[in-house]
Amino acid sequence: MSELSELLSRNFAWAEKIKSRTPNFFKNLSKRHKPKYLWIGCSDSRTAPDRLLDLPSEEIFVHRNIANMVHSDDASCMSVIQYAVDHLRVDHIVVCGHSCCGGVRAVLEDQTSGPIDQWLRPLSVLKTSISERLQQASVDERSLALTELNVVKQVTNVCGSTTVKTAWEQGKKLSVHGWLFDIRTGILRDLLGEINSAEMAASIHKQYF
Ligand SMILES: [Zn+2]
């Protein structure tokens with residue numbers, strides 16, 4: 001059996017197991033898509049949100065890319081935010097970075113090239129301010145500092161998106177959060193608390209940038 005045939009077999013066994021426990025599970029799943037959370041995270045395979053939050057995957061709407069970036073000209077990310085807020089009516093958007101991030105490390109060590117270099121260019125700008133502040137720090141310390149600052153930056157980008165600004169102007173209940181997942185411990189850390197207005201977002205931007 002090829003590796004991918006094995007995956008299909010695993011899927012079949014998984015579906016059968018669920019149906020044997022809850023016969024209407026897939027019928028019910030097909031009728032409802034109402035996640036409360038939008039998760040914007042890194043593509044790193046160790047950071048799947050449903051696993052680390054211990055939640056069923058249908059409760060989290062997910063967008064992931066290398067180093068959890070939010071570019072205002074990225075139609076994919078902007079569409080996800082628009083769909084999550086305007087149609088799914090999520091209450092929370094979480095931007096989550098993580099320790100041991102290959103994208104962050106590549107920028108720190110000037111190892112990027114091609115499309116990844118273009119994708120991570122905003123991180124290079126943040127790297128300059130980190131490098132000045134943490135000249136004596138170890139690579140791991142600088143990597144974590146850059147990861148944290150990147151989460152804050154991407155949170156402010158989410159807050160600056162047309163969808164989120166409009167939602168707040170219309171008085172919708174919507175909070176944006178910046179978290180950090182430590183792969184070494186399995187623990188999530190809240191970096192910024194709950195941001196639920198343009199004023200709060202502006203204050204955080206002023207504080208950090
Ligand atoms: Zn990563």
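Predicted model: local features only at pLDDT ≥ 70, side-chain atom pairs only at ≥ 80, totals over all residues.
Visitor: What distance separates the centres of domain 1 and domain 2?

Guide: The domain assignment of the protein gives domain 1 as residues 1-32 and domain 2 as residues 33-208. Taken over C-alpha atoms, the separation of the centres of these domains is 32 Å.

Visitor: Which strands stand at the edges of the open sheet, each with a single partner strand?

Guide: The open sheet has five strands with mixed pairing, in the order E2-E1-E3-E4-E5. Each edge strand has a single partner, so one side of it is left without a neighbour in the sheet. Neighbouring strands are turned against each other by 25 degrees on average, direction ignored. The edge strands are E2 (60-65) and E5 (187-190).

Visitor: Which residue in E3 is the bridge partner of Ile-40?

Guide: Strand E1 (residues 37-42) and strand E3 (residues 92-98) run parallel and are joined by five bridges. In E3, the partner of Ile-40 is Val-95.

Visitor: At what angle to E4 does helix H8 run?

Guide: Two helices may be described against this sheet. Helix H4 (residues 75-87) lies across E1, E2 and E3, and runs at about 170 degrees to E2. Helix H8 (residues 139-159) lies across E1, E3, E4 (175-182) and E5, and its angle to E4 is about 160 degrees.

Visitor: Why does the largest pocket lie between domain 1 and domain 2?

Guide: The lining includes Phe-25, Asn-28, Leu-29, His-33 and Tyr-37. The pocket lies between the domains because residues of its lining come from both domain 1 (1-32) and domain 2 (33-208).

Visitor: Which helix gives the most to the lining of the largest pocket?

Guide: The pocket has a volume of about 210 Å³. Its lining residues divide into four nonpolar, two polar and five charged. With three residues, the helix that gives the most to this lining is H2 (residues 25-31).

Conventions
Residues numbered from 1 in each chain as written. Heavy atoms only, no water. 1 Å grid on protein atoms, 1.4 Å probe; cavity = no way out; pocket = protein on both sides within 12 Å on 5 of 7 lines; lining within 4 Å. Points joined across faces, edges and corners; volume = space filled by probe spheres on them. Helix = DSSP H or I, 4+ residues; strand = E, 2+ residues; numbered from the N terminus. Nonpolar A, V, L, I, M, F, W, Y, C, P; charged D, E, K, R; others polar. Domains from an automatic or database assignment. Pairing = 2+ DSSP bridges. Axes fitted to C-alpha atoms, helices over the stretch in contact; angles between N-to-C directions. Contact = heavy atoms within 4.5 Å.
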